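Q: I have a structure open and would like to go through a few of its features with you. Could we begin with the strands?

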Amino acid sequence: MRELVRAGIGRAGSVRDGRRVLGPDEDAFTLAATALERVRGPRFGDRTPVRVTVLGSLPPATDWAISVVLERPVEVVRSVSGAEGFDRALEEARAGPSGDAVVLAVVAGGAETASCDGVLPTADGERDDAAVAVWFGERGAARSGEALRVGDTAGGPLALASELYRTAVREGRDGSWGGPWSVTPPEGPTVEPSKLRALADLRPTAVSEGAYVPRPRYLENLPSRWNFAAERCRTCGTTTFPSRGRCRSCDRAEGLETVGLPTDGALVVATTVIGSGAQPTEFDPQVGALGAYGVVLAEVAPGVRVTLQLTDASPGEVRIGDRVDTRLRRLYPMEGEWRYGRKAVPRRPPPRSSG
Ligand SMILES: [Zn+2]
């Protein structure tokens, strides 16, 4: 018997007709990644496999990527979609014998929305493009005060997940439940439908590819680029990012410990706008569809800076001294698949409570 430890949501970053909809660089996988990041718990501390039950049409090709996002080995199981399937998956995850289990439901795009009917209602009855992840652990595994009791909500786990989602929407928060809510931009930018379609409709195989980035090079150091995984030297205390298997200060290769740097709240120290023609050629399709984009240099931890493309914002919207959060998003199509990486999103204040 497991207990409910954490739950988290990932909502699409753009707004159209009052609904959250996929932005040009989002898809079912990026929504899932955002929800999963919010429930994964202590960083890089545990290598025991997690059972992940997936509802909604997350491509099977992304199974390996779920493991990277969760920083654990995973066993992925596909389940029947819809409210009934979600409810059953939650009950099965709770009743399971031992170890950790996650139920992940993804609603993205019109056709899929119907198949997940009832799973993710919003406050006003409209459906968003979103993902919800619910983490179950062995009894006693939850830290004090963190465990959620399924019995707290009449109607079982589904009602609890729905209530979680409604509460998040009502309070203008994205984030997770089970620790403190992580406050993130509650309102995305309103986007033109033509721009939404422009990139969302691209198929990786149909796109002329720019600079060739071989898959092995893309996969190399993926935890560093996706999760901001760094190495802390036990001898001299220096943090090396991205990870390179050696301490950047004392050059030792032994005694390095993998740690996760914060993925939210980075301080912007420089900004630039990449105009059409100045982009690396793998970004040609994006610039062709959307035009110029912003890039920020941000400090994610003391002395650790990372260059990030800006998304969910106009190119000059973020200034030096601002804080940005980061999300896993589509970068560019290559070799018949989308390549993903972290991008910066602006921190916007929550909307005033409507009571
Ligand atoms: Zn060192």
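Q: Which residue is the bridge partner of Glu299 in S14?
A: The bridge partner of Glu299 in S14 is Arg305, where strands are DSSP runs (E, at least two residues) and helices likewise (H or I, at least four), numbered from the N terminus. This is a predicted model, in which local features need pLDDT of at least 70 and side-chain atom pairs count only at pLDDT 80 or more, while totals for chains, interfaces and linings use all residues. Residues are numbered from 1 along each chain as its sequence is written.

Q: And in which sense do S13 and S14 pair?
A: Strand S13 (residues 293-301) and strand S14 (residues 304-310) pair in the antiparallel sense over 6 bridges; two strands pair if DSSP finds at least two bridges between them.

Q: What do the strands S12-S13-S14-S16-S15 form?
A: They run in that order as a closed barrel of 5 strands with mixed pairing.

Q: New topic: what is the phi of Asp251, and where is its place?
A: Asp251 has a positive phi of about 70 degrees although it is not a glycine, and its place is in the loop between S10 and S11. Most residues other than glycine have a negative phi.

Q: Is Asp251 buried or exposed?
A: Asp251 counts as exposed because it has 9 C-beta neighbours inside 10 Å; a residue is exposed with 12 or fewer other C-beta atoms within 10 Å of its own, buried with 20 or more, and partly exposed in between, with C-beta atoms placed from the backbone.

Q: Which residues does the cis peptide bond join?
A: A cis peptide bond joins Phe241 and Pro242, with omega about -10 degrees, and Pro242 lies in the loop between strand S10 (239-240) and strand S11 (256-260).
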